Amino acid sequence: MNVLVLSGYGINCENETLHAFEVVGFKGKIIHINDLIQNPKQLNNYQVFAIPGGFSYGDDTGSGNAMAKKIMTNLYDQLTDFSLKDKLIIGICNGCQILINLGLVPSLNKKDPEVALIENKSGSYECRWVDVKVSNNKSPWLENISTLNLPVAHQEGQFMIPINLLKSIKANNLIGLQYINHRKKLAKGQFPFNPNGSKDDIAALTNQNGNVLAMMPHPERAFYNYHIPNWQSKTLKKFGDGYKIFMNAKKFFA
Amino acid sequence: MTNTIQILSIEKTGKESSLQKEHNNKSIKIIDGYFFSTNLDDQKFTKISKLISNDVSQTILTKKNVNKVLSSYSNFNWVVEIKFLPGVTDNIATTVKEIIKDNLKSSFKSFELGSTKIILIKGRKEDITKISKNEANPLIQTIKIYPFKKYLNNFKKNQFKIEKVKLPKKKYSKKEINLNISDDQLSLIGKLGIEENDKSRRGTLGLDLESLKAIRNYFFTIKRKPTDVEIETLAQTWSEHCKHKIFSAKIDDIQEGIFKKYIKGATEKIIQLRKDNFCVSLFTDNAGGIEFNKDWIICHKVETHNTPSALDPFGGAITGIVGVNRDCLGFGKGAKPIANTYAYYLADPNKNYQLYRQKNNKDPMLPANFIAKGIISGVRVGGNCSGIPTPQGNVYFDDRFAGKPLVFCGTVGIIPKKIKGKLSHMKKANPGDNILMAGGRVGKDGIHGATFSSEELDPNSPVSAVQIGDPITQKKMSDVIIRELRDENLYSSITDNGAGGLSSSIGEMAKESGGFIVNLEKVPLKYNGLYPWEIWVSESQERMTLAVPPANVKKVIKRFNARGVEATIIGKFIKKEKAIVKYNKTEILNLDMEFLHEGYPKLNLKTSFPKIKKEKKKIIKKSSLIDKLHKLLSSPNIVSKEFIATQYDHEVQATSIIKPLQGEGRVFGNATAIKPLFDDEKSIALSQAAYPQYAETNPYDMAGCSIDTAYKNLIVSGANSKKIAILDNFCWCSSDEPDRLYQLKEAAKACYDYAVAYQTPFISGKDSMFNDFKGFDKTGKSVKISIPPTLLISSIGVVDKISHLTKITPEDGDILLVLGATRNELQDSVYSKIIGYEKSKNPVVNSKDALRTYRNFEKANKLRIINSAIGIDLGGLGIAITKMAIASKKGLTIDLKLKNKFSVDQFLFSETQSRILVSMKKNKLANFKKIFKASDYTIIGKCTSSDVIEFKDNKKIMRGKISDFAKSYKQNIKGL
């Protein structure tokens, strides 16, 4: 099981993302996008492709846009092929924004980006912990998970989806995660449970096969128990909720 | 054909909402504009528009659709167009250029473009002017306001343009300066700069008469006139910013100066006293380093960026934080930045101070809220974009920061002890090594930053001193250095380009080899037309200087280029102790290294005892204890800074283990911790403290309190007392006045006494000596506003085990205890400021008592006797109690009957230092008593399952609901 983790141009969560994969049993490496463009064939050696969080191109022209355009220009076919195989792709935070801008998620009409991630309703950057529930558990990434406690850290995390598309996203069961409140009910847009005002409390989307997951929260930052806020007052475990996502990737190939 | 692409969001953006809310105006719409230097044909227009916009959320304006798209704004009447001034870094434009070049490849090559913010508004002209002033800074941006109709017309007629830097094409000829002139004329050079041929002056050199005379003597001996570059270089190198002349000067009877005697002296004494030296690198490098574990070193550095932040708060703060990140990159062979810290000392953002740099209401200081917001956002963008967590910080407000805000930015870094078998903190540029400059290009930005940070802010403060940060360029560069070049040992030395630019970085590094030769024409420029001296001293950001052995040059440049980073060889290091700079083969600088670094006249300072400014009597307002608690909790210096913590990413790198917001109730903590390595359970605890409010009463005690608090916070968090180091950042005022120097000397003396007593060494420090504003108020009266002397002590410590980390939340049934004695020390306290002045003493640290408390606490914590703990500081015990309750959402019952010595207020609000509020299970009390003597603690109450805090004295019970306290504590700060 091999994972390839993307880096370069301001992506910054590659170390901890690779670490999470390694702990659950993957072998992997971090690759600079320019090296991947030089030799895209190496994608064949990997089963998982991860685009970590960060600030690619400083969010200029919209978060994830510039990196998505670089991938579109130089790597689009290879990455699309990858997504059509029995392989997994995950985009976390800035990676999520990149996947959405590439149109690899939800990928219903297979052409242009159909969904946008726009600025948080609050107008400010939000670094805080949220609860999400799994809505699509047919995605290999999310199987057998009900809820997760994870941090978000973004300025542009509000999913904007045209009404008709939202209908088909729901019909196809492509909503991966949704923000919930302290009573474990959908946040209904209420801040801070829904940190960005996302439509239908959407925190993650998948493609139709469920093998591509674009999620705004950071599972790699909730990997160990000591990552969780106020862990000292809680029961002792080794791992946090984020671990489950990476374990699911392992199970998929096991 | 068109030369502009303009894009607007279909839905209201967060930015638009906050603008609308702020200005109470629902009719505001923002358009992202890009102006090109050439016309785009339809095909290119469509292609490029698509590349830089989002189909789903945005609309692209075209000549055809503009009327229709903007029809819903047709009743808007004004347009504000905000552009960067020519030559100011435009990060968005750089990204757009990259996207276009990558996608269109060779089909569209040479063009320039500028990003522009276009705001459509409905309102009266005077309101629009006000809004525009809030949105742009005239120092770096141009603001155009014109009618909406004209905008539509401009759009259709293609009448947008970008302004390029228009510098006259200059042919450089070597400029020699005659210093054989009168003292007055000589002084003028120091104050206003070198005179150009057209009689204009270049801007302050910050050189005093004595320094200029030393330069004159030197050139008299070597029998020639100095060049302009030589004088500029000496000004940079000898600046207060670079040489710390006041700290190294003879002061009264202290021959060696206060740095050597009190700061470095303390560390030397501690190393001598302790047998277990954990310091690795002290004072000489860009940061100070200590041992983290057997394989790793951690380093810490804290810088100030006060004057740049006064002129351009956003730019000043962002370059402050990414600048100190480079200090980490430049530590040893290059440490990876793993945490940022911040501390802001600001004027009340809700007040309008109306200060002007010139008479007749000209050249105004920026409004206090603009400064505060800009600083907060600058560090947000700098830290978040760089992928470095920013967990630790604080903000303090006082009117005396109205003339100059203090912006402290710090970074912690980590580096393996050995790289390819060699000690990583050792570096040495060797003769023959090439001088390589990597990162951003050089422009006119930040010229004279170092010299002018040594001066007061007055009408002659140069505006070119501001810089804009570009964290992504730096991140790209940093990744190459830390991940690729360093671990292969491809360079022999590295340092950052900060104040003074190349002149400082190369000048400093060349001490390792002997000297240097630089060919300035090789330095890549942002635009043509810079004079050689400008290239040499420019403070353009995001650059590192490396010493690369000739054999590795090709490899190093290739690696940089492959990651989209520019790297250029601009000279070489030599053995001969000479500093030589050439421009197109003409030698324009040739100085002895010895004179360059040590030739400045040493100061001889005298101090005198200052008049103590007594706190003004203020009648104590009669109100209940609960009311007083609410007033204190909601006061700006105690109220929660959660709004900053949530906008600073403190989770990136997945290292956050004690977060800035603590407990279910999210209390803003005074220490945080990160766990930097996946395979070691050790953590790094961070804290900081400053007490400018105590300074005028007694600067010695003020410094003692700062050290005590910064140290105590780490002990309370669970750090190993043997592995705590501290950093000093002195921000002083009027440091040419004997009474201010007296305060400085006293504070420095306290640094020695307390650091030695606690055996916590100083590992790094920085000072900024002239934080004064000289200008005019709105009536034209001349005013001088000096900051109160401020000493920020930052502390860094190692926590050995995860189980040693503490929490601030007590549990049901816990008993509450105060460790350490409480004294009647209300003078200069938050209480005396908010509630009223009571005759009292100022807080004084008794280091012997304090140490006993800390050592015992450490023991008890390791034995898991302590269940929760919080350091007691601003607002005293009363505020610590309330914070514990807010954080845990657990009721507390406090027994005040014991305190017959004091009044209730004295007991609860005195700011006596060295105290810790702790809770523990009742059944641990027996073990606790084995460690603590009865006189060293007081049991004050217990934790309950109720939702109130209950204070009982002899007569009555006073109750306050925790949720109400939380509300007061979480109030918004007015004006922010």
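Visitor: Hi! Which domains does the domain assignment of chain B give?

Guide: Welcome! This is a predicted model, and for chain B the assignment lists domain 1 (2–157) and domain 2 (183–241).

Visitor: How far apart do the C-alpha centres of those two domains lie?

Guide: For domain 1 and domain 2 of chain B, the C-alpha centres are 45 Å apart.

Visitor: And what does chain B span along its principal axes?

Guide: Its C-alpha trace covers about 85 × 75 × 60 Å. A compact globule of 976 residues would have a radius of gyration near 30 Å, and chain B, at 29 Å, agrees with that.

Visitor: How many helices and strands are in chain B?

Guide: Chain B has 32 helices and 42 strands. Of its contacts with a separation of 6 or more, 82% are between residues 24 or more positions apart.

Visitor: What share of chain B counts as buried?

Guide: That would be 56% of its 976 residues.

Visitor: Which residues have the most contacts inside the largest nonpolar core?

Guide: They come from both chains: Leu99(A) and Ala214(A), along with Leu346(B), Cys751(B), Ala755(B) and Leu917(B). The core itself has 353 residues.

Visitor: Which helix gives the largest share of this core?

Guide: Helix H26 of chain B, residues 738–758, with 10 residues. Domain 1 and domain 2 of chain B each supply at least three residues to this core as well. In soluble globular proteins, nonpolar side chains tend to be buried together.

Visitor: Back to Ala214(A): what does Ala214(A) touch?

Guide: Leaving out residues up to four places away in sequence, Ala214(A) touches Gly91(A), Cys96(A), Leu99(A), Ile100(A), Val105(A), Ala204(A) and Leu205(A). Leu99(A) is also among the residues with the most contacts inside the core.

Visitor: New topic! How many residues of chain A are in contact with chain B?

Guide: On chain A there are 51, in contact with 51 residues of chain B. Elements of chain A giving two or more residues to this side are helices H1 (14–24) and H3 (65–74), plus strands S5 (116–118), S6 (126–134) and S7 (147–154).

Visitor: Which one gives the most?

Guide: H3(A), with 5 residues.

Visitor: How many residues on that side of chain A are nonpolar, polar or charged?

Guide: The side of chain A that touches chain B has 18 nonpolar, 21 polar and 12 charged residues.

Visitor: Last one: what is the mean pLDDT of chain B?

Guide: The mean is 91, and 96% of the residues of chain B reach 70 or more. Where pLDDT is low, the predicted coordinates should not be read in detail. As for the model's scores, ipTM is 0.97 and pTM is 0.94.

Notes. Residues are numbered from 1 along each chain as its sequence is written. Chains are lettered from A and ligands numbered from 1 in the order in which they are written. This is a predicted model: local features need pLDDT of at least 70, side-chain atom pairs count only at pLDDT 80 or more; totals for chains, interfaces and linings use all residues. Two residues are in contact if their C-beta atoms, placed from the backbone, lie within 7 Å. Helices (H or I, at least four residues) and strands (E, at least two) are DSSP runs, numbered from the N terminus. Ala, Val, Leu, Ile, Met, Phe, Trp, Tyr, Cys and Pro count as nonpolar, Asp, Glu, Lys and Arg as charged, and the others, Gly among them, as polar. The radius of gyration is taken over C-alpha atoms; the globule rule is 2.2 Å times the number of residues to the power 0.38. A residue is buried if 20 or more other C-beta atoms lie within 10 Å of its own, exposed if 12 or fewer, and partly exposed in between; C-beta atoms are placed from the backbone. A nonpolar core is a set of buried Ala, Val, Leu, Ile, Met, Phe, Trp, Tyr and Cys residues joined through C-beta atoms within 7 Å. Domain bounds come from an automatic or database domain assignment. pLDDT is the predictor's confidence in each residue, from 0 to 100.
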